[in-house]
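Here is a note for a colleague who is opening this structure for the first time. Please keep the sequence and the 3D view side by side while reading.

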Amino acid sequence: MMKQVIIEREKIYRGNLLLVNASYPLKNTEKERKKGLVPACVYFPAILLKRDAANILQMVLEKISPGSLIVPVSGYRTQKEQEDIYNGSLRDNGEEFTKKYVALPRHSEHQTGLAIDLGLYKEKIDFIRPDFPYTGICNKFRKAASAYGFIERYQKDKEDITGISHEPWHFRYVGYPHSRIITDNNFSLEEYIEFIKNYTKNNKLMYKDKSGTITQIYYVPAEDQTVINLPDRCTSQVSGNNTDGFIVTVWGKI
């Protein structure tokens, strides 16, 4: 049995798979972006994430048992906070540095509530570029994160695509199995959003994980009112991509 869902075009600006970069700014309101924010870590109550992202982050941290070795540095930012950070970096670090490491206001993933900067615990942590090496507990987190929904967002050698320099400390929640597909194929999020457009309701991407579970993923272009048919007895999720359509994820057998 299938159920029909009708989605308004403005919903392309909501969901875990939003592409936010220099070309695609956030278009939903700050009031809406603040909904569902919770502390990313109980020990750092002022650093916030969307609830799903925060829960998964805690799960991964508990799984690798880092104690206090990994700390959250920056999560959700308001418009004013992003403006202050951007202008402060221009003043303190100059234009060239700022363009590499700080997104323009409304173009920052931190304003989605889905991005977190992490740092190796030190007495003094660089807010813009925290230390998060490819060794030890930090790399243990990095390897585990993609199995639960997080990706390293700004990879090395993807700068021309993302518009941001390599940031090994910046992680973005996209949900599973999208995180696994992105990591396994060394995609940037920009590349993944385009890749998924090859799959439609008549030609779905069938992703089979190690447990044998199959997830179906496909793209639906946005219309003024987009009609999507979803199976009744399966868990499903529809996310806007912040550009031109929706990505449908169905867990279970149709």
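1. **Basis.** This is a predicted model: local features need pLDDT of at least 70, side-chain atom pairs count only at pLDDT 80 or more, and totals for chains, interfaces and linings use all residues. Residues are numbered from 1 along each chain as its sequence is written, and side-chain values use heavy atoms, with hydrogens and water left out.

2. **Overall build.** The chain holds eight helices and 12 strands. Helices (H or I, at least four residues) and strands (E, at least two) are DSSP runs, numbered from the N terminus. The C-alpha atoms fill a box of roughly 55 × 40 × 35 Å along the principal axes. The radius of gyration is 18 Å, which agrees with the value near 18 Å for a compact globule of 254 residues. That radius is taken over C-alpha atoms, and the globule rule is 2.2 Å times the number of residues to the power 0.38.

3. Of the 254 residues, 51% count as buried. Buried means under 20% relative accessible area, exposed over 50%, and partly exposed in between (1.4 Å probe, protein chains only). Among contacts with a separation of 6 or more, 65% come from residues 24 or more positions apart. Contact means heavy atoms within 4.5 Å.

4. **Surface and charge.** The accessible surface comes to about 12900 Å², and 49% of it belongs to carbon and sulfur atoms. Such areas come from the Shrake-Rupley method with a 1.4 Å probe; for residues, only the protein chains shown count as cover. The chain has 36 positive and 31 negative side chains, with the centres of the two sets 5 Å apart. Lys and Arg count as positive and Asp and Glu as negative; His and the chain ends are not counted. Each charge is placed at NZ of Lys, CZ of Arg, CG of Asp or CD of Glu.

5. **The largest core.** Which residues touch the most other members of the largest nonpolar core? They are L57, I70, I116, L118, F132, F141 and F150, in a core of 31 residues. The elements giving two or more residues to this core are α2 (51-64), α3 (79-93), α4 (95-101), β5 (115-120), α5 (136-145) and β7 (167-173). α2 gives the most, with seven residues. A nonpolar core is a set of buried Ala, Val, Leu, Ile, Met, Phe, Trp, Tyr and Cys residues joined through side-chain atoms within 4.5 Å. Another core, of 28 residues, lies apart from this one; I12, F187, Y199 and I247 are among its members.

6. **I70 in its setting.** Leaving aside neighbours within four places in sequence, I70 is in contact with L61, I64, L118, G119, F132, I137, C138 and F141.

7. **Helix α5.** Is α5 largely enclosed or exposed? Seven of its 10 residues are buried, so α5 is largely enclosed by the rest of the structure. The buried ones are I137, C138, N139, F141, R142, A144 and A145. Their cover includes α2, β4 (70-74), β5, β6 and β7.

8. **Backbone points to check.** A cis peptide bond joins Y176 and P177, with omega about 10°. P177 is in the loop between β7 and α7 (178-184). D157 is not a glycine, yet its phi is positive, near 70°. N186 also has a positive phi, about 55°, without being a glycine. N186 lies in the loop between α7 and α8 (189-196) and is partly exposed at 45% relative accessible area.

9. **The loop between β6 and α6.** K156 lies between β6 (150-154) and α6 (159-162). D157 is found in that loop too. K156 is exposed, with a relative accessible area of 58%. D157 counts as exposed at 67%.

10. **Two partly exposed loop residues.** R106 sits in the loop between α4 and β5 and is partly exposed at 30% relative accessibility. Not counting residues up to four places away in sequence, R106 touches V20, P25, L26, K27, N28, R33, Q79 and Q111. L69 lies in the loop between α2 and β4 and is partly exposed at 46%. Beyond four places in sequence, L69 is in contact with G119, L120, Y121 and I137.
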